Amino acid sequence: MQTDPSGFLEWCQNSALSAIIRHETWTVPAIEILHIAGVILIFGSVLVTNLRLLGRMFLSEPAGSLAADLSRWMRLGLIVLVCTGPLLFLAMPVKLFMTPDFTIKLVLVAIAAGYHLRVHRKLLSAAANDATPDAPLKKSARISLTLWSIAILAGVELGAFS
Amino acid sequence: MSVFEIAQAIEASPLGTALRESRFGFPGLIAVHLCGLLLTTGTVFLWDLRLLGVGLRTTPVSRVGKALLPWTWAGFHIMLLTGSAMLCIEAGRLYPNTAFRIKLALLLLAGINVLTFHTTIYRSMARWEHHAVLPPRARAAGAISLILWLGLLTAGRAIGYTINYGA
């Protein structure tokens with residue numbers, strides 16, 4: 001099924017919220033900084049959780065409790081992204097839609113977040129009380145770290161160069 | 001010779017020119033700079049949240065530091081190296097840029113914050129590091145660091161928005 005997105009893009013561009021965001025010069029940079037702060041929260045918690053699972057840091061702490069604590073910050077980061085991302089899209093819907101990098105980034109983020117929510121998180125909570133992560137969890141940690149790193153680097157590329 | 005003239009001389013120097021014309025070039029430097037930024041801020045945010053008493057509360061502060069700070073410094077060295085290279089490339093245009101000046105000032109303040117923390121409250125850490133809620137000075141160090149890093153992000157981003165490539 002092929003649908004024409006121009007109606008949707010126009011609707012975004014002409015919406016009251018889009019006008020508010022575009023009216024002042026400081027709003028887009030301010031939302032961007034919040035967006036970047038959310039990405040940093042996610043990257044930090046993903047990095048530390050998965051390196052712990054792989055036995056590369058925080059060996060003094062049980063992996064389960066560390067992961068549980070960091071998952072709160074990861075959730076906060078995801079909430080920030082879900083709030084700020086659409087606002088940035090509203091501010092420049094046509095420009096973003098015409099940028100192939102934007103679509104690629106969106107897909108990569110969806111894959112990383114989907115893997116986290118559907119697979120990695122479940123393995124983590126199942127293994128919460130075990131002292132040492134088993135092989136499937138370690139493999140999942142490697143996948144999670146790789147998927148998030150690729151998605152975030154795509155976002156960095158989009159933000160800095162597109 | 002004024003600072004501005006020195007900056008222009010750095011930009012025109014063989015090193016500045018070579019870096020500007022290298023194949024790796026400015027986009028490559030920015031990309032690596034931002035990877036360093038992710039490493040540093042990703043770990044520093046968690047460290048600040050621990051000092052504030054809201055994150056990793058069950059882990060003693062010294063262990064959080066031992067696990068996270070090597071990554072923080074690794075990222076910082078990457079940023080220092082790539083940042084210096086970018087400075088050589090466009091020192092003359094960065095010197096008059098307000099966002100760049102604010103960024104340098106914030107960097108200095110962040111350094112002072114780290115130094116103050118390590119020379120004062122850090123010395124008595126053995127007594128308080130197991131507490132979920134830390135002494136006010138430790139919490140203040142965490143809050144100040146978080147604010148300064150958000151400021152550094154903003155100022156860094158603002159350089160890209162405001163730097164003058166004309167003329």
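Is Phe58(A) buried or exposed, and how many C-beta neighbours does it have inside 10 Å? Hold that thought.

A word on the ground rules. This is a predicted model, in which local features need pLDDT of at least 70, side-chain atom pairs count only at pLDDT 80 or more, and totals for chains, interfaces and linings use all residues. Residues are numbered from 1 along each chain as its sequence is written, while chains are lettered from A and ligands numbered from 1 in the order in which they are written.

Now the answer. Phe58(A) counts as buried because it has 21 C-beta neighbours inside 10 Å. Buried means 20 or more other C-beta atoms within 10 Å of a residue's own, exposed means 12 or fewer, partly exposed is in between, and the C-beta atoms are placed from the backbone. Phe58(A) sits in the loop between H3 and H4 of chain A. Helices here are DSSP runs of H or I, at least four residues, numbered from the N terminus. Phe58(A) is not a glycine, yet its phi is positive, about 55°. Most residues other than glycine have a negative phi.

Over to chain B. Leu56(B) lies in the loop between helix H3 (25-52) and helix H4 (61-94). Leu56(B) is not glycine either, and its phi is positive, near 50°. Leu56(B) counts as buried, with 25 C-beta neighbours inside 10 Å.

Last, the interface. 22 residues of chain A contact 22 residues of chain B. Contact means C-beta atoms, placed from the backbone, within 7 Å. On the chain A side, the largest share, eleven residues, comes from H3(A).

Key: Two residues are in contact if their C-beta atoms, placed from the backbone, lie within 7 Å. Helices (H or I, at least four residues) and strands (E, at least two) are DSSP runs, numbered from the N terminus.
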